[in-house]
Amino acid sequence: MLRLLIVDDHPVVREGLRGMLESDPRVVVAGEAASGDEAVVRAREFTPDVILMDLRMPGGDGVSAISRILADRPESRVIVLTTYETDQDIVRAVEAGAAGYLLKDTSRADLLAAIVSAARGETVLSPSVATRLVARMRAPAAESLSRREKEVLSLVARGLTNAEIGKELFISETTVKTHLLRVFGKLGVSDRTAAVTTAMDRGLLLL
């Protein structure tokens, strides 16, 4: 029997998952947590085989909790179960060590199959998430941003003007504009706001 830990800040979601999953003889819900910080504590307490982890929660987000839990219990398998499927969220979760990434519209049968597969050491992904990852891997290398381009774009995200960015990085305003034009070309956008949004969505810029 597989021991599960359910991590979600909404009590009704935890209750629904518990009721749905415990009807299967292969699993037992060993515990629940309402935040990332609590999940770290409960993982030590309940020693779950599989953890269903929401991403965006008050009191410690899911990604940081994944890293901390796996550093302490590398044998546990963490499946992200969330409503968000941006490239940035997916990449951060996978890099933190998540064994799977599922959306909350996943059916009971598919969720149970994913839990069993993850416990066996397999990677489980929602079809739309798998499609995003494949598309990301196939994206042209030109899409990658250089270190300096990321620095410029991160300052744009903070609301700095080109002149202010130049002073911050000790480069001319013209050089800032050049970097931004290259960023626009790589991302296929035409303005600063779209560049920041697109880079964050693709996991190229983490703020």
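1. Of the contacts in the protein with a separation of 6 or more, 64% are between residues 24 or more positions apart, a contact being heavy atoms within 4.5 Å. The C-alpha trace spans about 65 × 30 × 30 Å along its principal axes. Among the 207 residues, 44% are buried, where buried means under 20% relative accessible area, exposed over 50% and partly exposed in between (1.4 Å probe, protein chains only).

2. On provenance, this is a predicted model, in which local features need pLDDT of at least 70 and side-chain atom pairs count only at pLDDT 80 or more, while totals for chains, interfaces and linings use all residues. Residues are numbered from 1 along each chain as its sequence is written, and side-chain values use heavy atoms, with hydrogens and water left out.

3. The protein contains ten helices and six strands; these are DSSP runs numbered from the N terminus, with helices (H or I) of at least four residues and strands (E) of at least two. The six strands make an open sheet with parallel pairing, in the order E2-E1-E3-E4-E5-E6. Strand E2 (27-33) and strand E6 (124-125) are at the edges with a single partner strand each, so one side of each has no neighbour in the sheet.

4. Within the sheet, strand E1 (residues 2-7) runs parallel to E3 and is joined to it by four bridges; two strands pair if DSSP finds at least two bridges between them. Strand E3 (residues 50-53) also pairs with E4 in the parallel sense, again over four bridges. Ile51 in E3 is the bridge partner of Leu5, and the partner of Ile51 in E4 is Val78. Strand E4 (residues 77-82) is mostly covered, with five of its six residues buried.

5. Helix H1 (residues 11-21) lies across E1, E2, E3 and E4 and runs at about 170° to E2. Helix H2 (residues 36-46) lies across E1, E2 and E3, at about 140° to E2. For such angles, axes are lines fitted to C-alpha atoms, for helices over the stretch in contact, and values run from 0 to 180 degrees between N-to-C directions.

6. How do helix H7 and helix H10 cross? The axes of H7 (residues 147-157) and H10 (residues 192-201) come within 10 Å and cross at roughly 110°. The two helices are therefore roughly perpendicular to each other, a class that covers 65 to 115 degrees. Leu153, Val156 and Ala157 in H7 meet Arg192, Ala195, Val196 and Ala199 in H10. By class, this contact has six nonpolar residues, no polar ones and one charged residue; Ala, Val, Leu, Ile, Met, Phe, Trp, Tyr, Cys and Pro count as nonpolar, Asp, Glu, Lys and Arg as charged, and the others, Gly among them, as polar.

7. Two backbone values deserve a comment. Most residues other than glycine have a negative phi. Thr47, however, has a positive phi near 45°, and Thr47 lies in the loop between H2 and E3. With 37% relative accessibility, Thr47 counts as partly exposed. Phe170 likewise has a positive phi, near 60°, and is found in the loop between helix H8 (162-169) and helix H9 (173-187). Phe170 counts as exposed, at 77% relative accessibility.

Terms used. Angles under 35 degrees count as roughly parallel, over 145 as roughly antiparallel, 65 to 115 as roughly perpendicular and the rest as oblique.
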